[in-house]
Amino acid sequence: MKPNFEPFSDIPGTTIFTIEKSREGFHLNQFCMSLRSEENRKRFLADGPAYLAEWPLTDEQKQAVIDRDFQKMLDLGGNVYFLSKIFASEGLSYVQAVSTMTDMNAEEYQAMMVAGGRNIEGWRSKKERGEA
Amino acid sequence: MGKIVAGISTSHVPAVGHAVDAGKQQEPYWAPMFEGYEFSKQWVKDNPADVDIIVYNDHASYFGMEIMPTFAMGIADSYAICDEGYGRRPIPDVEGAPELSTHIAASLILDDFDMTILNVLEVDHGLTVPMSLMFGTPEKWPTKVIPLPVNVVMYPQPSGERCLSLGKAIKRAVESFDDDVKVRIWGTGGMSHQIQGARAGLINLPWDKQFMDDLVNQPEVLQYKPHLEYMIEAGSEGVELIMWLIMRGALGDKVNEVYRFNHVPASNTSVGHLILTPKED
């Protein structure tokens, strides 16, 4: 079967981690895996740029990590489960980190979740939203 | 011979594990969710099994991007607990079932499922949070476990059809084991949730409930549901629900619905939980 990745690009506000993206993000994601050890978390938090210099990330990927710009990291091939090691190393929860990718702050985002989460109406298709 | 006696499906939200570890089950935010599992904790005590096959996904906790197995099976004596970036959860290691898992893995491969064999595996919240929900906080887990990790993180994930078929092959494998063992099978993950991008926080409870109805009554319909529909309707991480199809396939054509529970939210996620038993003719 011929793979078709194209339909994923129509889902609004969503980056699907495909086998293609996994190649682009390989070193970024492997750097994240290194943060599963306490020793590496300490070194990364003490001097992020120095720690990142040990990894063959692109300059753009390194800057996105330093900026904690999770959306940018997704765009550059990161996957959120890998990226979670970055915010876990700082003791942040998924809710705290995930909210930074939305137009809400953490408190507003948490309030939305407690009220039942984001309603899907209007969020199915970029074309429907006039974004494509 | 071996026999599959029950199927359990449940979400596996990491924050639930942290809540258990910190003793927060009675806090107002968490109490309604944990109360929904009280029935189940008693039920698994009253209906014990010798081995639990737990279908789950690793969340970049043990598997990096060097190797991404579509279907894998642990055949080890025991499994350590991953450090997922917050430090290791303070829970016991998980005891394996090496003889049965070796038999099942071999049977599956001979049945055309090309399993990756894991002699070493550390398990993450995908496997341990369901255990905490069903067994609480024991000194030692009251069961032996066969971990069955599935790639649901990277597209393409296995198809729904393949997942349902794998479940059916697991049933055949268990029933061809010489010893009398009672086996439960667990499908974990889901339900609707999205933890990335501007659409993060998506919850689609009507879709989740329909999925549960179909899983119980007409799983053959679900096997043709494309990944794209899960990603649109249940969020980018909602595609984990294909793992529930493996559980369902192992239970046979008809099932009894013993218990059902839904709760929104746990962290970013719609929590869903089922206990099913095979319906004998």
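Which residues does B:Val55 touch, not counting residues up to four places away in sequence? In this predicted model, B:Val55 touches B:Leu148, B:Val150, B:Ile185, B:Trp186, B:Gly187, B:Thr188, B:Met243, B:Ile246 and B:Met247. B:Val55 is also one of the residues with the most contacts inside the largest nonpolar core.

**Nonpolar cores**
- The largest nonpolar core has 113 residues, and B:Ile53, B:Val55 and B:Met243 have the most contacts inside it.
- A second core of five residues is separate, and includes A:Ile120, B:Leu202, B:Ile203 and B:Val264.
- In soluble globular proteins, nonpolar side chains tend to be buried together.

**Helix α1 of chain B**
- Helix α1(B) spans residues 14-21, and six of its eight residues are buried, so the rest of the structure largely encloses it.
- The buried positions are B:Pro14, B:Ala15, B:Val16, B:Gly17, B:Ala19 and B:Val20.
- These buried residues pack against α8 (94-99) of chain A, and against α5 (125-135) and β10 (255-266) of chain B.

**Contact between chains A and B**
- In chain B, 36 residues are in contact with 49 residues of chain A.
- On the side of chain B that touches chain A, the elements giving two or more residues are α1, α9 (227-233) and β10 of chain B.
- Of these, α9(B) gives the most, with four residues.
- That side of chain B has 19 nonpolar, 13 polar and four charged residues.

Notes. Residues are numbered from 1 along each chain as its sequence is written. Chains are lettered from A and ligands numbered from 1 in the order in which they are written. This is a predicted model: local features need pLDDT of at least 70, side-chain atom pairs count only at pLDDT 80 or more; totals for chains, interfaces and linings use all residues. A residue is buried if 20 or more other C-beta atoms lie within 10 Å of its own, exposed if 12 or fewer, and partly exposed in between; C-beta atoms are placed from the backbone. Two residues are in contact if their C-beta atoms, placed from the backbone, lie within 7 Å. A nonpolar core is a set of buried Ala, Val, Leu, Ile, Met, Phe, Trp, Tyr and Cys residues joined through C-beta atoms within 7 Å. Ala, Val, Leu, Ile, Met, Phe, Trp, Tyr, Cys and Pro count as nonpolar, Asp, Glu, Lys and Arg as charged, and the others, Gly among them, as polar.
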